[in-house]
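The following exercises ask the student to read a structure step by step. Each task is followed by its worked solution.

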Amino acid sequence: MPHIAIDYSGNLEEAVDIAALCELLRKTGIETGVFPMAGIRVRAFRADHVAIADGDPRHGYIDISVRLRGGRSFEARKMATERLFAAAREFLAPALASRPMALSMEMRDIDPELSPKLNTIRDHLKEG
């Protein structure tokens, strides 16, 4: 049950297709083999009011947060982090080259004993 949340400054929407970034992270997460397809959720939250660095309104940011149910090895989590960050960095390369912005990412475990789940998505996935 990986949750991938993208927090971003609203001034980046003119330069970044946020919906496409969500889809890229969904696909990349599945391709790692660490995240089950039925459990992955990617969403983005636009921040309209930000104050960054020296206050220049051109500055932007994208922060990717991954919450992952505990139980995976450090090596698996590190590999998934590296793959997701590399995919985001490549996707965002044109924006990173043309404007001042920061890209960051963090992956953290969720304690399975303190995080009950119910998911019927698997029951409705298309076979084949």
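**Exercise 1. Identify which residues of the largest nonpolar core touch the most other members, and which element gives the largest share.**

Step 1. A nonpolar core is a set of buried Ala, Val, Leu, Ile, Met, Phe, Trp, Tyr and Cys residues joined through side-chain atoms within 4.5 Å. Buried means under 20% relative accessible area, exposed over 50%, and partly exposed in between (1.4 Å probe, protein chains only).

Step 2. The largest nonpolar core has 25 residues, and those touching the most other members are Ile 4, Ile 6, Leu 25, Phe 35, Ile 62, Ile 64 and Val 66. Two or more residues of this core come from each of E1, H1, strand E3 (60-69), helix H2 (74-98) and strand E4 (101-110). H2 supplies the largest share, five residues.

Step 3. Contact means heavy atoms within 4.5 Å. Leaving aside residues up to four places away in sequence, the contacts of Ile 4 include Leu 25, Phe 35, Ile 64, Val 66 and Leu 84.

The model is predicted: local features need pLDDT of at least 70, side-chain atom pairs count only at pLDDT 80 or more, and totals for chains, interfaces and linings use all residues. Residues are numbered from 1 along each chain as its sequence is written, and side-chain values use heavy atoms, with hydrogens and water left out.

**Exercise 2. Determine whether Ser 9 is buried or exposed, and describe its surroundings.**

Step 1. Ser 9 lies in strand E1 (residues 3-9). Helices (H or I, at least four residues) and strands (E, at least two) are DSSP runs, numbered from the N terminus.

Step 2. Ser 9 counts as buried because its relative accessibility is 1%.

Step 3. Beyond residues up to four places away in sequence, Ser 9 touches Ala 47, Val 50, His 59, Gly 60 and Tyr 61. The side chain of Ser 9 reaches the backbone nitrogen of Tyr 61 at 2.9 Å.

**Exercise 3. Classify Ile 30 by its accessible area and list what it touches.**

Step 1. Ile 30 belongs to helix H1 (residues 18-31).

Step 2. The relative accessible area of Ile 30 is 25%, so Ile 30 is partly exposed.

Step 3. Not counting residues up to four places away in sequence, Ile 30 touches Phe 35, Met 37 and Ile 40.

**Exercise 4. State the order of the elements in the chain.**

Step 1. The chain has three helices and four strands.

Step 2. From the N terminus on, the order is β-α-β-β-α-β-α.

Note on methods:
A polar contact is a pair of N or O atoms within 3.5 Å; within protein, one must be able to donate a hydrogen and the other to accept it, and residues adjacent in sequence count only if both atoms are side-chain atoms.
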